[in-house]
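User: Can you walk me through this one? I'd like to go over the ligand site and then some helix packing.

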Amino acid sequence: MKIGVLGAGGMGASVIQHLQKCAGVTEIVAYDVNAAQVADKVARFGVTGATKLEAVLGDPTVRLVFVTAANDAHKPLTLAALAAGKAVMCEKPMAVTLEDSREMVEAAERQGAFLQIGFELRYSRLYTTVKEWIDAGLLGEVINTHCYYICSEFHHKGSWRNLKATGGSMFGEKLSHYVDLPRWWVGADVADVISVCSPNVIPYYEVRDNYHTTYRFTNGAVSQLTFMMAPGATFRGDPLQDVVSQQQGDGHALRFLVVGTRGAAETDVFARTIKRWAFGDSPACFTSDWVDTRTWDPAEDHRYFHNTLDQTHDIVRRVRDGLHPMTSARDAYETMKLCFAAELSADTGERVALSELERE
Ligand SMILES: NC(=O)c1ccc[n+]([C@@H]2O[C@H](COP(=O)([O-])OP(=O)(O)OC[C@H]3O[C@@H](n4cnc5c(N)ncnc54)[C@H](O)[C@@H]3O)[C@@H](O)[C@H]2O)c1
């Protein structure tokens, strides 16, 4: 299968390398508005280059495209690719506005086309293990989740990510992954959201750099996300050593606590652990027993917490076999709604019901 990669920056390079390991991929064509990016990928990976979109979308032998360009380009590239009859995998966030995201879902649904959004944490073993425990009934009904995420400023000055017009918001660009997972685990939609944020620490960001966000699901479950981009130590490490080990104990944190009616789970990227507790009853008290701890080798980091490799291969297989996306674009849109509601709440200081957002 011949595949287009629309956006030949960092993520485009990752997808190209994943595709090069994928059985059945015969040719990859990399397109970007920046000719230097195209030339770089042609030189580094031996792919075909294109600086005209028509060279990819007008080619009937291209069945599938990956949209890996900057966020403001997601909607125009996705709509053009769908109109040209291509299957599309578009990176998160879907788009920089909710209206644009909705247009993308509606276009795919109208055409009965394949559109999957890049929430690869749903392929990542750290988080699929929690889902397996939930599906096996080991946690009972999930009623409360907490994500504690502290990182360093790794977008850097001058990045399109820091501008509202091109990046959208921190919620879409970064935190959408970490609210998509609780939606998946709880298995219900979000009813309402409240975000409170302090003034930014990072002076050159147009987007926010810190949040305390609480959301309530339609089934009564609640989730909390605490995010700060600044306190983790700036990465100036040895490129030959793995990044996770070098950031252990230096202020970085990425933990989930997932609490159900029958047990709880904790995922911790920087400790490389997944733990489980089972709840019970004794004559004296409600009990909680720590029953499972798993870890993994640093060589498996990618598969454990950012598994774009298996996501890419799964999408190629699904398109080849005429299957639906692993997660529908409509489902991804529900996560995007939550992101836009969280930003709106931070703007207004008010609780935002997702039903009100939809009516705007
Ligand atoms: N799922 C993940 O874990 C993950 C990780 C990294 C990036 N991403 C996503 O991938 C996308 C790209 O991020 P990146 O890190 O590669 O950024 P990047 O800055 O390295 O590359 C972005 C590329 O998009 C190109 N571009 C901009 N407008 C374009 C247009 N209209 N048409 C074609 N190309 C255009 C730029 O020239 C640049 O080469 C973003 O949406 C980002 O959110 C996702």
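This is a predicted model: local features need pLDDT of at least 70, side-chain atom pairs count only at pLDDT 80 or more; totals for chains, interfaces and linings use all residues.

User: Which residues come nearest to the ligand?

Analyst: Met11, Asp32, Asn71, Trp160 and Glu173 come nearest, out of 25 residues around the ligand.

User: And what is the make-up of that shell by class?

Analyst: The shell has eight nonpolar, 11 polar and six charged residues.

User: Which helices each supply at least two residues of it?

Analyst: Those are α1 (10-19), α4 (74-83) and α8 (170-186).

User: What about polar atoms facing the ligand's oxygens?

Analyst: A polar backbone atom of Met11 is 2.6 Å from a ligand oxygen. For Ala69, a polar backbone atom is 3.3 Å from an oxygen of the ligand. With Glu120 the side chain is involved: one of its N or O atoms lies 2.8 Å from a ligand oxygen.

User: How much of the ligand does the protein bury?

Analyst: The protein buries 80% of the 850 Å² that the ligand exposes when taken alone.

User: OK, helices. At what angle do α5 and α12 pack?

Analyst: About 175°, with the axes of α5 (residues 98-111) and α12 (residues 329-348) 10 Å apart. Angles over 145 degrees count as roughly antiparallel, so α5 is roughly antiparallel to α12.

User: Which residues make the contact?

Analyst: From α5, Leu98, Ser101, Arg102, Val105, Glu106 and Glu109. From α12, Ala329, Arg330, Tyr333, Met336, Lys337 and Phe340.

User: And how does that contact split by class?

Analyst: Six residues are nonpolar, one is polar and five are charged in the contact of α5 with α12.

Note on methods
Residues are numbered from 1 along each chain as its sequence is written. Side-chain values use heavy atoms; hydrogens and water are left out. Axes are lines fitted to C-alpha atoms, for helices over the stretch in contact, and angles run from 0 to 180 degrees between N-to-C directions. Helices (H or I, at least four residues) and strands (E, at least two) are DSSP runs, numbered from the N terminus. Angles under 35 degrees count as roughly parallel, over 145 as roughly antiparallel, 65 to 115 as roughly perpendicular and the rest as oblique. Contact means heavy atoms within 4.5 Å. Ala, Val, Leu, Ile, Met, Phe, Trp, Tyr, Cys and Pro count as nonpolar, Asp, Glu, Lys and Arg as charged, and the others, Gly among them, as polar. A residue is near a molecule or strand if one of its heavy atoms lies within 4 Å of it. A polar contact is a pair of N or O atoms within 3.5 Å; within protein, one must be able to donate a hydrogen and the other to accept it, and residues adjacent in sequence count only if both atoms are side-chain atoms. Accessible areas come from the Shrake-Rupley method with a 1.4 Å probe; for residues, only the protein chains shown count as cover.
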